[in-house]
Number of protein chains: 2
Amino acid sequence: MSKDGSRPAAVSTPGSAGSQVPGKPSEFDLIRKYFTRPVRHTVEGIGDDCALIEARPGMQVAISTDMLVEGTHFLTGADAQLLGHKTLAVNLSDLAAAGAEPRWATLAVALPDASEAWIAAFARGFFALAERHSLDLIGGDTTRGPRSFCVTVMGEVPAGRSLKRSGAIAGDDVWVSGELGGAALALAARLGRTAIGADARAALDHRLDAPQPRVELGLALRGLASAAIDVSDGLVGDLGHICERSMLAARIEYALLPQPQALLALADAQLRSDCLLSGGDDYELLFTAPATCRDELGALSERLGLALTRIGSMHAGEPRATVLDASGNPIAHRGRGYDHFA
Amino acid sequence: MSKDGSRPAAVSTPGSAGSQVPGKPSEFDLIRKYFTRPVRHTVEGIGDDCALIEARPGMQVAISTDMLVEGTHFLTGADAQLLGHKTLAVNLSDLAAAGAEPRWATLAVALPDASEAWIAAFARGFFALAERHSLDLIGGDTTRGPRSFCVTVMGEVPAGRSLKRSGAIAGDDVWVSGELGGAALALAARLGRTAIGADARAALDHRLDAPQPRVELGLALRGLASAAIDVSDGLVGDLGHICERSMLAARIEYALLPQPQALLALADAQLRSDCLLSGGDDYELLFTAPATCRDELGALSERLGLALTRIGSMHAGEPRATVLDASGNPIAHRGRGYDHFA
């Protein structure tokens, strides 16, 4: 972490600097204790003004950054360990969508206070996921402020082989991994907008709180998928991004959308459609591929133990996604992706 | 920006996604308009899940990240254009301290509302500095939340030639660029803790609000300086980091510290010492170099039009910085660097 995680405090008084409370671990100590781990593929890790990395020959570095803010992306009082997981997971999901192999991350954390137990739990969640993907934490920053986290994640991808939103071709199939709408349904239940049985609820909560970035799938899709994006803002909105960048229309069939049983069983058809079509936070991969790849994608699904469902296709036309009902008529739906300021 | 800057909103309702207010520019539009600029040395910039970069042959990538939070790093109501500048400047200062050439940055922004005028001014400040250093903005995130900014900056440095905190050798001189304490004095005046004449105040305010990262100096110090750090947390604290990493003691002479006239003239000796020794936000470079480099450093100072002042030396001993008065006695002083949670 730069300056071992400290930073100038423009509203601090000169001389307030460094006044240590005896017996209380300092910011520096906490960072050293919880966020400094051995690195595996980094020239210089935490401890200097900058970290140093070097990509392997022939590799490009894929980079993404996301900020999670209390009250906007997670509820006040959210579990620290789950937040540590999710903060990294949403970033790894972007690497997955690019077909990049996770390598390095920086983490900036703003906290209202330095509760050691909270920091330890957050670090536990963060590093459990980082280890799983052999990711080095190479730098960061800690500061006092309203609870928020900013991760910048970096991965390697062979030059010219990254997955992009722009590569879809008319006639390509549209595929999605896993299930859609579970995270949104969990949130609706948490906010009291619908009631769901305890068993189903636990699985849905897990979808919302501990999303699994589809990193292995992203790597396997290099050379198979023509375009890809992760579903973080809702199916229709995210497919719309592929449409815009590929300058094509997409048609998907509502009846084909893979979904949790609890969503399928929902009496409230409007909520169900909202969750499926514009619910965020699923972090599945949405991708297009030529019809010639169907068998190979079927085999890949088997190998990964992860459902891959063909939900529609790409066509010449106005660059947006249309959802069709069982009779082939367009379904009216809300939204094209979450807009924080709308 | 990932997802064109949008992000999942775990506390949004399913279906709230994308409800556009007619006539009001969306988050997407604002980002497109103000934060998407042509890139110069980037494989893929803003617009996909990840950006893609590729370092030039023989180069390593130096990385640093800093978060600035309202109420902690800047006062409520701070000027947007100056904040845009400073958010990037504090990060470029870390690259300078590593002797790295600025190349790429990501920017995450949390804002309580999407005031177009505010965003335009922030972008103006950010990009004016980015252009000066030929830096590409390659990605980011925008979200609703308490005002804060997180920049991750990346630069290139020839393999093995970066400046580090750890390279100082006993007998090396200690140098600092520019002047110390000006930013802290400006802050003290702003908070009403001291009074300063209007002319001096304007120059000090500029130091505090629009720090100039010493990028050219950092590049020129490769091969000259044995260790380096930027002074963001205060002279004694930051020199202490060089001491710890180089396992040496540092002795500096109070009378040699370069400072603005307004600080030299200050009647309050305690405030003066606080500003000089532990005032943050100066963003000068503090470095060590062998005595054989004095002439060359003098010539470099001339060439850059930037004062370089020899303020002390490195010695075997307990790894910390001691400040000596005119009689060679240690000066008691507060603090070893700002601790946000102390």
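**A walk through two chains**

Start with chain A, where helix H5 (198-209), helix H8 (261-264) and helix H9 (269-278) are among the elements that cover the buried residues of H4(A). This is a predicted model. The covered helix, H4 of chain A, spans residues 182-190. Of its 9 residues, 7 are buried. They are A:Gly182, A:Ala183, A:Ala184, A:Leu185, A:Ala186, A:Leu187 and A:Ala188. Just past the end of H4(A) comes A:Gly192. Its phi is positive, about 80 degrees.

Now turn to chain B and its strands. Strand E5 of chain B covers residues 148-158. The rest of the structure largely encloses E5(B), because 10 of its 11 residues are buried. Which strands pair with E5(B)? One is strand E2 of chain B, residues 59-69. E2(B) and E5(B) are antiparallel and share 11 bridges. In this pairing, B:Ala62 faces B:Gly155 of E5(B). Another is strand E3 of chain B, residues 101-111. E3(B) also runs antiparallel to E5(B), with 9 bridges between them. Here B:Leu107 sits opposite B:Val151 of E5(B).

Last, look at two helices of chain B. Helix H7 (residues 235-246) packs with helix H9 (residues 269-278). Their axes lie 5 Å apart, at an angle of about 30 degrees. Angles under 35 degrees count as roughly parallel, so H7(B) is roughly parallel to H9(B). What kinds of residues make up the contact of H7(B) with H9(B)? There are 4 nonpolar, 2 polar and no charged residues. From H7(B) come B:Leu235, B:Val236 and B:Gly237. They meet B:Leu276, B:Leu277 and B:Ser278 of H9(B).

Methods. Residues numbered from 1 in each chain as written. Chains lettered and ligands numbered in written order. Predicted model: local features only at pLDDT ≥ 70, side-chain atom pairs only at ≥ 80, totals over all residues. Buried ≥ 20, exposed ≤ 12 C-beta atoms within 10 Å, placed from the backbone. Helix = DSSP H or I, 4+ residues; strand = E, 2+ residues; numbered from the N terminus. Contact = placed C-beta atoms within 7 Å. Pairing = 2+ DSSP bridges. Axes fitted to C-alpha atoms, helices over the stretch in contact; angles between N-to-C directions. Parallel < 35°, antiparallel > 145°, perpendicular 65-115°, else oblique. Nonpolar A, V, L, I, M, F, W, Y, C, P; charged D, E, K, R; others polar.
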